[in-house]
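Welcome! Here is a short tour of one part of a protein model. Please take a look at it first.

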Amino acid sequence: KSGKTINNIKLIDYGKNLEKSGANNFKQKKYVLTIEETENNKSFNSSEENMNIITNNYNIVNTSLILNDLNMKEIARYNFEYENEISMNLVEIDLIHGENSRKKYFLIGTGITDELKSEPKIGHIYLMEINFESNLGIRKLKEIELKGGVYSMDCYKNFVYVGIKNILYIYSIIKKIHHHESFYEFKLIRQHSDFDLINNIYVGKDILYQDEEEDDEEKDKMIIEKPEYKEINEIYICDIYKTIILYRYDIINDKLKEISRDNNPTWVFSILQHQKNILYVTDIDNNIITLKKLYKIKNEKEKIKLIQVSNFNLGERITSLIQTEIHNKNLSQLTYYKDTDDIINDGTENKIENNDDNVKITFFGTMEGTVGYIIPLNKHVYEFLFFLQEILIKKTNKIESFNYKLWRSSKDGYNVIESKGFLEGDIIKEFLNYDDDYKKIILKELNYPWKKSVKEVVNIIETLNNFY
């Protein structure tokens, strides 16, 4: 508890990076990178014609980038130069470092407010380096000034996608050498202003290499006659007026094209690509929603549609989503791990056999201070636990008029959509609190074709709750 505002936080696994690079005799090192704000009182004197001195007081904010160990002991610090400069984004970027190597750097997007904390008229993007090789330290490599606060930012390789007010800026970070000294420069590639106000930018982590504008026959001819390399980013732009727009940016040929525009009833707070065609979206109304990309290649007007396939109202506003992958054989038997269209949160059949014990888990944080996680389930586990949850709701509910489905239904200010596709782990965990005899009664009442003993059901629930 530092008593300061922590605006951003990121875990750095330096030892893992060294292992991938083939370094020998490395020490496993993990660090926590935080951006903190300290509010200080400042005063200045002013005089009038009668020479009376008037003291004026106001608060200023100072921002610092801090490297901590896992015990949150400060190791290194970088203090930002400008007063009232607020950090809005902290992202990793992978840049060319040596002749055949790449290195992780960090980008920080900011906005500078005045004493009245009004809308930022100036902002910066800072390119920062953390030195792990010798003495630990933080160094600013480059900064650019922008006409507004950097409310949203994401990147892929050396490309940076920035949202300022109603404009999308695409930058390329280029490494240059002058008099045997290397340095980085930001180059503005293009800007696009077909928005009302950009609230969020998310760059898909899958890179496309085919041009879907051509029909299948033409595509085959092109591949046979003239192979063409195209590296295409998918960029999701969330507009403040409840629109999610999908663009494809051809990096090689510098072409930006709108693929889909969905007037979604959600004011998006955060967005995450869970799998190739599956997105998690959270909104201002405390909902978490799963969207699936539905391809309509033959339709000239709209090639992709984002379809809502599951929804859940947490009751708290989810402000961040982070995905990680863990190796857990027991958990892998209950979930899925391949990128496929055949399975989503609502338990759709998974037709791919998985031999991989890695499981993708999504952690979330809320404005009220809650941390939780989401685990995808295969069809049989989902359906079994769904019916178990139905019984447990009836047995644990002591208020006759309480309607659980309505309580967890998605709300968009006008409509109420009954929750589907999500199970509530805290309710299912109640099964563990009953004695064995009562557990048998519940399973008998369940009468689900997928028969499980008390021990097997307990193992499933404990695996989902104790994997960490």
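In which handedness of crossing does α4 pass α7? The crossing is right-handed, that is, the near helix is turned clockwise from the far one by less than a right angle. The model is predicted, so local features need pLDDT of at least 70 and side-chain atom pairs pLDDT 80 or more, while totals for chains, interfaces and linings use all residues. Residues are numbered from 1 along each chain as its sequence is written, and side-chain values use heavy atoms, without hydrogens and water.

Two helix pairs share α4 (residues 379-396):

| Pair | Angle | Axes apart |
|---|---|---|
| α4 and α7 (residues 436-446) | about 120 degrees | 10 Å |
| α4 and α8 (residues 454-466) | about 95 degrees | 12 Å |

The angle with α7 makes α4 oblique to that helix, whereas α4 and α8 are roughly perpendicular (65 to 115 degrees; under 35 is roughly parallel, over 145 roughly antiparallel, the rest oblique).

In the contact with α7 (heavy atoms within 4.5 Å), F384, F387, L388, I391, L392 and K395 of α4 meet Y438, I442, L443, E445 and L446. These residues divide into 9 nonpolar, no polar and 2 charged. Towards α8, F384, L385 and L388 of α4 meet V457, I460, I461 and L464, and that contact has 7 nonpolar, no polar and no charged residues.

Y373 lies in strand β23 (residues 371-374) and is partly exposed, with a relative accessible area of 26% (between 20% and 50%, using a 1.4 Å probe and protein chains only).

Methods. Axes are lines fitted to C-alpha atoms, for helices over the stretch in contact, and angles run from 0 to 180 degrees between N-to-C directions. Helices (H or I, at least four residues) and strands (E, at least two) are DSSP runs, numbered from the N terminus. Ala, Val, Leu, Ile, Met, Phe, Trp, Tyr, Cys and Pro count as nonpolar, Asp, Glu, Lys and Arg as charged, and the others, Gly among them, as polar.
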